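Please read the points below alongside the sequence and the coordinates.

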Amino acid sequence: MAVLFESIPLLAGKFGDVVYFFFWMAVFGLVVAKETTHGSLNWARCFDFTGFGFMIEQMQQTLHTESVAIGSSPFDPTKTPIDFAGLTLTRAWILPRTISILAPLFLLPLAGLFFHRFDPARTGKASEKTSRNWIGKLQSLFKPLSRRAVAAAGRFGRGGSLGGAIWMDAFLTFTLFPLALVALLASAIATLVAPLEAVLPAVFATLAIVIADVATRDERAGTTASLRAIPRLRENYVWWKLGSVLLLSLLFCAATLVRTIPRGSLAVAALLGGIVFVSAAATALGVVSSNPKTFVVGFLSFWYVVVNDRGAHPLWDFAGFYQRATLGTIFTYAGLSVLSLVLAQVSYRARLTKS
């Protein structure tokens, strides 16, 4: 679906948004239409990429009405509350929903011809664009602060050990992205002054963006061959990146760990398990895909589900956001962490064998 949304504007030029808008509105009107005679398939439903048509028909069948308003109409407390059982995938919608999921995949080859313009590794103009945009200006503004902080931390990471390499690689993040240091300080302050339930999801969302690039930046910078020439790092590349990501995660969550201690050992274990899970997932997806967006999109989608669930199901409360995590939750995400690292190690070993 994302490919469809991005490809049409590229193909249609500056009028792409308008073209797609009218295309979507035309299909949307047909999607909610009744089935044709003899129960034949309404093919417009196969182009319901957003799922709005499916949702609206479900509401019509459940509430037996043509219009629904939430929060924009007068409230009558005398009316009986409606118990909405949720959306149900009926037999008539199985084939259209399957087609709507698979159809955008045919645009992938065509989209690949255009998306190279957004790849800094191909354009070679990332530094020029960064200096012109507002993010680049903010990075330059805070670079002196991050440089001093990294220089002070670098005194503890000297030496040829794997631990020293982990320490230096973790703090390299603050050198490359000074705003990460600002985010770290802001997260710590917010954790100390705001309710933990409100700030903890935000800390993890910020953390995901910061650590997503750690396992991929060497390959994108073209320094992988040099790193593989170092004996210890060559064999322990996955563990090196995991240690770096885990150290950054612990720094970001240090204040939340302190505030979680009064909640009890189970809450602390859930938070530590969540930190390890996020670190393992970022490392594994970075090593396997060599693209930081894989982890960012995957984790933030998962994070969105967790936040909207709000602890209704303990299995989703992977880091104890809502104090609903159980021992089963902790062991489940511990198993997923181990599985992620095994996948990363197998992928990296296979890549070493080929090279």
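K241 counts as buried, at 0% relative accessibility, in what is a predicted model. Its salt-bridge partner is D218, with the closest N and O atoms 2.5 Å apart. K241 belongs to helix α15 (residues 237–252) and D218 to helix α12 (residues 217–221), so the pair ties together parts that are 23 residues apart in sequence.

**Salt bridges**
- D218 is buried, because its relative accessible area of 8% falls under 20%.
- A search of the whole structure finds two salt bridges, and E197 and R263 meet through their side chains in one of them, at 2.6 Å from N to O.
- That pair links distant parts of the chain, with E197 in helix α11 (residues 196–211) and R263 in the loop between α16 (254–260) and α17 (265–289), 66 residues apart.
- E197 counts as partly exposed at 34% relative accessibility, and R263 likewise counts as partly exposed, at 25%.

**Surroundings of S337**
- S337 sits in helix α19 (residues 327–354) and is buried, with a relative accessible area of 4%.
- A polar atom of the S337 side chain lies 2.7 Å from the backbone oxygen of Y333.
- When residues up to four places away in sequence are not counted, S337 touches V276, F277 and A280.

**Whole protein**
- The secondary structure comes to 19 helices and zero strands, and buried residues make up 36% of the 355 residues.
- Of the contacts between residues at least 6 apart in sequence, 69% join residues at least 24 apart.
- The accessible surface comes to about 20800 Å², of which 69% belongs to carbon and sulfur atoms.

Terms used: Residues numbered from 1 in each chain as written. Predicted model: local features only at pLDDT ≥ 70, side-chain atom pairs only at ≥ 80, totals over all residues. Heavy atoms only, no water. Helix = DSSP H or I, 4+ residues; strand = E, 2+ residues; numbered from the N terminus. Buried < 20%, exposed > 50% of the residue type's maximum accessible area, 1.4 Å probe, protein only. Polar contact = N/O pair within 3.5 Å; in protein donor to acceptor, adjacent residues only side chain to side chain. Contact = heavy atoms within 4.5 Å. Areas by Shrake-Rupley, 256 points an atom, 1.4 Å probe, with all protein chains shown as cover. Salt bridge = Lys/Arg side-chain N within 4 Å of Asp/Glu carboxyl O.
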